[in-house]
Amino acid sequence: MRNNKTVVRLPVIDNCDGCGACCMEMRTPPFYPSPEDARWAALPAEMQQAICHHALSPLSEVPDASPCLWFDDERNQCRHYDLRPDICREFERGSASCHMWRHNTFVSLLTPEQWCAVQRDL
Ligand code: SF4
Ligand code: SF4
């Protein structure tokens, strides 16, 4: 038997252009800095050093909840998209987490009903 549950329509997201909400509190690109991480190992040494240096910066200089080192805040996109870590590739556009990032960074705002629906999916 069908119930009368309301179908919640969340904001439509066609692509990530001009968003970048999920990059806003990363501080550094989320690599595992280990030779076993093929994407990390493939980075030029100077890029690895820049990430390590940024990661070790005092929180007073680079707060924990600050945009990723690689985020271009003028174009709202990753500066090194082709080199991004696996976790950035696997993060699903349109997922509940995507919606929450977008809501939390004011890219799009959820209604209370949408917020509850997203919470159930997290
Ligand atoms: S929050 Fe979602 S839409 Fe925005 S950049 Fe991340 S995955 Fe793309
Ligand atoms: S590496 Fe690129 S895609 Fe990943 S969090 Fe940083 S800016 Fe975003």
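Helices (H or I, at least four residues) and strands (E, at least two) are DSSP runs, numbered from the N terminus. With that naming, Pro-63 is in the loop between H2 and S1.

1. Basis. This is a predicted model, in which local features need pLDDT of at least 70, side-chain atom pairs count only at pLDDT 80 or more, and totals for chains, interfaces and linings use all residues. Residues are numbered from 1 along each chain as its sequence is written, while chains are lettered from A and ligands numbered from 1 in the order in which they are written.

2. Domains. The protein chain is assigned domain 1 (15-91) and domain 2 (92-122). These bounds come from an automatic or database domain assignment. The contact between them takes 6 residues from domain 1 and 7 residues from domain 2. Contact here puts two C-beta atoms, placed from the backbone, within 7 Å. The side of domain 1 that touches domain 2 has 6 nonpolar, no polar and no charged residues. For these classes, Ala, Val, Leu, Ile, Met, Phe, Trp, Tyr, Cys and Pro count as nonpolar, Asp, Glu, Lys and Arg as charged, and the others, Gly among them, as polar. Over C-alpha atoms, the centres of domain 1 and domain 2 are separated by 22 Å.

3. Ligand 2. Around this ligand are Cys-23, Met-26, Pro-29, Cys-68, Trp-70, Phe-71, Cys-78, Arg-84 and Cys-88. By class, the shell around ligand 2 has 8 nonpolar, no polar and 1 charged residue.

4. Core. The largest nonpolar core has 8 residues: Cys-22, Cys-23, Phe-31, Ile-51, Cys-68, Leu-69, Trp-70 and Cys-98. Such a core is a set of buried Ala, Val, Leu, Ile, Met, Phe, Trp, Tyr and Cys residues joined through C-beta atoms within 7 Å. Buried requires 20 or more other C-beta atoms within 10 Å of the residue's own, exposed 12 or fewer, and partly exposed a count in between, with C-beta atoms placed from the backbone. Leaving aside residues up to four places away in sequence, Leu-69 touches Thr-28, Pro-29, Ile-51 and His-54.

5. Helix H2. H2 has 12 residues. From first C-alpha to last, H2 reaches 16 Å, close to the 16 Å expected at 1.5 Å a residue. The expected span is 1.5 Å times one less than the number of residues. Of its 12 residues, the number buried is 1, so H2 lies largely in the open. Ala-50 is found in helix H2. Ala-50 counts as partly exposed because it has 16 C-beta neighbours inside 10 Å. Ala-50 and Leu-69 are 19 residues apart along the chain, with their C-alpha atoms separated by 8.9 Å.

6. The loop between H2 and S1. Ala-65 sits in the loop between helix H2 (45-56) and strand S1 (71-72). Ala-65 counts as exposed, with 9 C-beta neighbours inside 10 Å. C-alpha to C-alpha, Ala-65 and Cys-23 are 10.0 Å apart in space and 42 residues apart in sequence. Pro-63 is also exposed, with 12 other C-beta atoms within 10 Å. Between the C-alpha atoms of Pro-63 and Glu-25, 38 residues apart along the chain, the separation is 8.9 Å.

7. Pro-33. This residue lies in the segment before H1. With 14 other C-beta atoms within 10 Å, Pro-33 is partly exposed. Pro-33 touches Trp-40 and Cys-52, not counting residues up to four places away in sequence.

8. Backbone points to check. Arg-27 is not a glycine, yet has a positive phi of about 65°. Arg-27 lies in the segment before helix H1 (38-41). Arg-27 is partly exposed, with 18 other C-beta atoms within 10 Å. Asn-76 also has a positive phi, near 55°, in a residue other than glycine. Asn-76 is found in the loop between S1 and strand S2 (77-78). Its 17 other C-beta atoms within 10 Å make Asn-76 partly exposed.

Definitions and conventions:
Near = placed C-beta within 6 Å.
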